[in-house]
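Visitor: Could you walk me through this one and tell me what stands behind the labels?

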Amino acid sequence: MEELDPQQQLETFKQNDAYRQLLTFTESLVTRVVNLSSQLEVVTGDLEDQNAIRRDWKRRAEAAEGAISKNPFISVLVDGDGYLFRDSYLKDVESGGGDAAHRLLSEIKATIEAAQLQSLSADSQVVVNVYANKQGLTGALFEAGVISRLNDLEEFFCKFTQSQTHFQFIDCGPGKERVDAKLREAYRFFLRNCQCKLIFLALCHDNGYMAELDTYRNDVIAKEKTRLVDHYAKGRAFADPPFPMVNFDEVFSNRALPVKRVNGFAPVPNKSSYSSALAAPPAVEAASGFGQGQFGPPPQKSKPPSDAQASPTTPFASHTNSFKEVQTPYLASGVELPTSGDRVPVNRLDQRIDRPLQTPSPNQQRHFDDRIAYRKLCNEHYLRDYCPDRNCRFDHSPIDKELKNTLRYTARKIVCRSGTSCRRAGCYYGHQCPFPNCDTRRCPFAKAGLHEVRDLEIVRFVSSVGG
């Protein structure tokens with residue numbers, strides 16, 4: 001056997017090893033290609049899924065945008081206790097409501113055209129909500145002679161709502177904060193509604209709204225879609241409004257109601273509400289039933305006048321008389337004042353009698369008006385010495401005796417729902433008419449039957465029920 005040359009053997013081994021390395025490298029390349037092909041199939045499938053999802057969401061977005069653009073609307077929120085319609089509309093029972101609605105609609109569209117808002121068109125729907133205390137507003141307008149019948153306001157708003165599909169009047173009942181709460185919640189709802197392109201707020205008469213509006217001062221959406229409706233008696237807090245102002249002077253009144261004067265000052269002090277004594281004033285929702293004044297002397301006995309002689313100011317005149325005069329309650333012979341404040345004075349018919357209050361002077365009344373103009377006083381805190389609300393937003397800072405008496409005196413003009421049967425020593429309301437020379441046809445106390453409380457002689461003090 002021929003012996004191989006070692007050098008040749010070495011070369012042969014090297015050549016064979018190179019073939020093996022090349023084969024190994026080739027196998028690794030094939031394996032990598034196979035793996036990448038599998039990954040490509042997965043990625044391709046995912047991409048197709050993503051494209052399908054993107055196309056679906058694009059279709060949905062286009063459909064939603066189309067739906068939104070097809071139904072844009074404008075919201076108008078009005079505090080009807082402060083923004084009164086012009087007298088010419090209110091006096092016209094037949095067509096005043098409809099005329100006011102059409103005029104308001106024209107003013108809104110003119111404002112939109114002037115602002116050149118591209119998101120709104122001439123056929124955009126307008127939703128108008130007027131929030132008010134109908135009973136209180138009726139009494140105030142009747143008292144001022146703007147309406148001649150108590151149901152005129154109801155007819156006005158009936159024509160107002162019937163004339164336009166989305167115009168509504170919402171009766172919030174007595175209590176100023178009820179209107180405020182409704183209007184605030186409505187604003188929050190419409191502000192986040194993407195179909196609502198513009199909101200008009202008619203509330204600049206009341207400084208209390210500014211705390212809510214200030215939270216949106218730097219809100220881009222709110223600044224873009226909110227407009228404030230100017231008021232002739234604009235609150236001081238609106239000197240620096242967070243949103244642009246517009247005027248609807250041809251729709252809303254530009255003057256205060258002529259309020260009936262009592263002892264030299266108006267029965268309802270706050271100019272931000274014209275609900276008269278029928279509704280709680282903005283800063284007063286209640287008053288203590290326990291007074292600070294002195295009981296008067298028993299009336300002198302005299303022969304009662306005949307029906308023909310009875311004058312409108314006679315305390316015990318016939319039920320057909322329109323006016324009555326307020327007498328001072330007095331203690332029956334032998335009756336002593338209780339030593340504690342948890343007793344309720346009643347007459348022989350077990351009717352509750354309100355203890356007298358000291359009448360504030362005009363200066364004291366003006367001081368009271370100035371104090372509540374910026375921040376309202378907490379009645380629970382001042383008149384019951386206890387406020388259960390730990391997060392109360394009303395003023396709890398110290399006040400003097402005169403201001404406290406004026407708060408109590410003003411709040412006494414609100415009718416107690418329990419009437420003369422009320423037995424809460426700390427009741428916040430009045431239980432007989434407090435107005436001198438009061439016209440019973442217009443007084444809320446007459447409607448509640450509290451003008452018939454004629455016996456003001458207190459014969460005993462009964463225990464309080466309900467605190």
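Predicted model: local features only at pLDDT ≥ 70, side-chain atom pairs only at ≥ 80, totals over all residues.

Visitor: How do you know where confidence is lowest and where it is highest in the chain?

Guide: By pLDDT, the predictor's confidence in each residue, from 0 to 100. The chain averages 79, and 81% of the residues score at least 70. Strand β7 (residues 323-324) has the lowest mean, 40, while strand β5 (residues 226-229) has the highest, 95. Helices here are DSSP runs of H or I with at least four residues, strands are E runs of at least two, and both are numbered from the N terminus. Residues 301-326 stay under 50 in pLDDT, and the model has 40 contacts for them beyond four places in sequence; a contact means heavy atoms within 4.5 Å.

Visitor: What makes helix α4 mostly covered?

Guide: Buried means under 20% relative accessible area, exposed means over 50%, and partly exposed is in between (1.4 Å probe, protein chains only). In α4 (residues 134-144), 8 of the 11 residues are buried, among them L137, L141 and F142. The buried residues pack against α2 (87-91), β2 (125-132) and α5 (152-163).

Visitor: Why is the pair of Y187 and Y216 called edge-to-face?

Guide: Rings of Phe, Tyr and Trp (its six-membered ring) pair if their centres lie within 6.5 Å; planes under 30 degrees apart are stacked, over 60 edge-to-face, and the rest tilted. The centres of Y187 and Y216 are 5.4 Å apart and the planes stand at 90 degrees, so this pair is edge-to-face. Y187 sits in helix α6 (residues 176-191) and Y216 in the loop between α7 (210-214) and α8 (220-225), 29 residues apart. Both tyrosines are buried.

Visitor: And what makes F189 and F190 an edge-to-face pair?

Guide: Their centres are 5.2 Å apart, with 75 degrees between the planes. F189 is exposed at 53% relative accessible area, whereas F190 is buried at 10%.

Visitor: How do you know that K376 and D180 form a salt bridge?

Guide: The rule asks for a side-chain nitrogen of Lys or Arg within 4 Å of a carboxyl oxygen of Asp or Glu. For K376 and D180 the closest N and O atoms are 3.3 Å apart, and they count as a salt bridge. This pair links distant parts of the chain: K376 is in the loop between α9 (362-374) and α10 (379-383), D180 is in helix α6, and they are 196 residues apart.

Visitor: Why do K376 and D180 count as buried?

Guide: K376 has 8% relative accessibility, so it counts as buried. D180, at 0%, counts as buried too.

Visitor: What about D56 and R60: what makes them a salt bridge?

Guide: Their closest N and O atoms are 3.2 Å apart. The two are 4 residues apart in helix α1, which means they are separated by about one helical turn. D56 is partly exposed at 25%, and R60 is partly exposed at 41%.

Technical notes: Residues numbered from 1 in each chain as written. Heavy atoms only, no water.
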